[in-house]
Amino acid sequence: MKAVGFSQFGGPEVLEVVDLPDPHPGPGQVRIAVRAAGVNPSDWKKRKGLMDGELPQTLGYEAAGVVDEIGEGVADVAVGDRVFGFSTDGAAQAELAVLSYYAPIPPSLDFAGAAALPAAVETATRALDQLGVGNGSTLLINGASGSVGSAAVQLAVTRGARVIGTASPANHDYLRSLGAEPVAYGEGLAGRVRALAPDGVDVALDVAGSGVLPELIELAGGQEHVVTIADFGGAQEHGVRFSSGDAGRAVHALAEIGELIESGHFSIPVARTFPLAEIAEAHRVSEHGHARGKLVLVVGELPGIASGSLKEPRLRSE
């Protein structure tokens with residue numbers, strides 16, 4: 001099968017589409033013919049050697065496609081079913097991928113839309129669970145307009161929370177459409193938040209990793225009320241919890257998100273799609289960091305999706 005990989009660390013130019021042996025599912029796993037795979041910041045961090053020192057490496061932890069082989073003990077899906085989920089071996093950007101955690105693709109989504117879900121939905125759900133966000137909570141999200149941030153906004157709103165989200169002014173209307181109250185990031189953030197919430201907030205989630213943990217701690221009344229998914233060094237320095245999948249993933253979110261999507265209360269826009277052969281360009285765009293929504297690789301020809309095309313986000317139904 002064709003798969004994305006690299007045998008040396010460096011810029012996007014080190015990425016290759018290589019031939020690898022076809023994988024096969026183990027107990028409880030399924031194999032899919034991949035139709036789309038998500039692109040995440042962790043991909044280019046791995047490519048640069050910032051996360052994993054081993055070589056060679058493959059890439060991709062989330063994908064959507066059609067089940068074509070089933071492992072021992074799997075009874076909840078059949079060959080031919082459309083599913084999305086996680087490839088725990090990090091090889092989802094390929095023609096075939098083994099998924100360890102999966103769920104049916106919601107009927108209203110195409111493959112690219114489904115591939116945008118797993119990492120954002122699981123990460124956001126895990127962080128909200130760790131913060132105890134529920135009905136009546138006031139939550140501040142730093143970096144609310146990206147795929148994880150917008151997922152956290154929508155999931156928190158469905159839990160009955162009040163959400164204040166930081167973003168550039170160009171994304172403020174987008175945040176309002178998701179149910180959040182937007183504020184600009186940068187110097188003076190604490191004052192702008194207090195203009196909306198004079199007593200501060202109950203909890204804060206840092207998605208952007210932009211060095212604002214001291215302000216979040218002050219606004220939330222202590223480091224125990226703050227979680228970051230993006231600032232490992234800052235978390236160590238300020239005593240804030242760094243949320244990662246190492247302590248257990250919120251994989252239950254995969255099966256739960258379909259109902260919210262079909263009811264119009266959750267969406268992650270696909271900002272741009274790329275064919276597998278243009279993986280280097282996908283990394284360049286991801287590393288630039290200004291895409292609203294998810295970057296997705298498409299494998300093969302997908303009805304209604306043109307490689308490299310921009311898609312309009314589907315906003316939350318009121």
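Val39 stands opposite Leu295 in strand β16, where strands (E, at least two residues) and helices (H or I, at least four residues) are DSSP runs numbered from the N terminus. The pairing of β3 (30-39) with β16 is antiparallel and extends over four bridges, two strands being counted as paired if DSSP finds at least two bridges between them. This is a predicted model, in which local features need pLDDT of at least 70 and side-chain atom pairs count only at pLDDT 80 or more, while totals for chains, interfaces and linings use all residues. Residues are numbered from 1 along each chain as its sequence is written, and side-chain values use heavy atoms, with hydrogens and water left out.

**Strand β16 and its surroundings**

- β15 pairs with β16 in the parallel sense over five bridges, and Thr273 has Val296 in β16 as its bridge partner.
- Five of the five residues of β16 are buried, so this strand is largely enclosed by the rest of the structure; buried means under 20% relative accessible area, exposed means over 50%, and partly exposed lies in between (1.4 Å probe, protein chains only).
- Both faces of β16 are covered, with Lys294, Val296 and Val298 buried on one side and Leu295 and Leu297 buried on the other.

**Helix α10**

- In helix α10 (residues 279-288), the buried residues are Ile279, Ala280, Ala282, His283, Val285 and Ser286.
- The cover over these buried residues includes β1 (2-6), β3, α1, β15 (270-275) and β16 (294-298).

**The six-stranded open sheet**

- Six strands form an open sheet in the order β11-β10-β9-β12-β13-β14, with parallel pairing.
- The edge strands, each of which pairs on one side only, are β11 (181-184) and β14 (241-242).
- Helix α6 (residues 189-196) packs on this sheet and touches β9 (138-142), β10 (162-167) and β11, contact meaning heavy atoms within 4.5 Å.
- The direction of α6 makes about 155° with that of β11, where axes are lines fitted to C-alpha atoms, for helices over the stretch in contact, and angles run from 0 to 180 degrees between N-to-C directions.
- Strand β13 (residues 226-228) runs parallel to β14 and is joined to it by two bridges, and Thr228 has Phe242 in β14 as its bridge partner.

**Helix α3**

- Helix α3 (residues 118-131) has 14 residues and reaches 20 Å from its first C-alpha to its last, close to the 20 Å expected at 1.5 Å a residue, the expected span being 1.5 Å times one less than the number of residues.
- Twelve of the 14 residues of α3 are buried, so the helix is largely enclosed by the rest of the structure; among them are Glu122, Thr123, Thr125 and Arg126.
- Gly132 follows α3 and has a positive phi, near 70°.

**Nonpolar cores**

- Of the 48 residues in the largest nonpolar core, Phe84, Leu117, Leu139, Ile141, Leu205 and Phe266 touch the most other members; such a core is a set of buried Ala, Val, Leu, Ile, Met, Phe, Trp, Tyr and Cys residues joined through side-chain atoms within 4.5 Å.
- A second, separate core of 28 residues includes Phe6, Val34, Phe274 and Ala282.

**Local features**

- The peptide bond from Leu55 to Pro56 is cis, with omega near -10°, and Pro56 is found in the loop between α1 (41-47) and β4 (57-58).
- Val17, found in strand β2 (residues 16-19), counts as partly exposed at 38% relative accessibility.
- Not counting residues up to four places away in sequence, Val17 touches Lys2, Ala3, Leu276 and Ala277.
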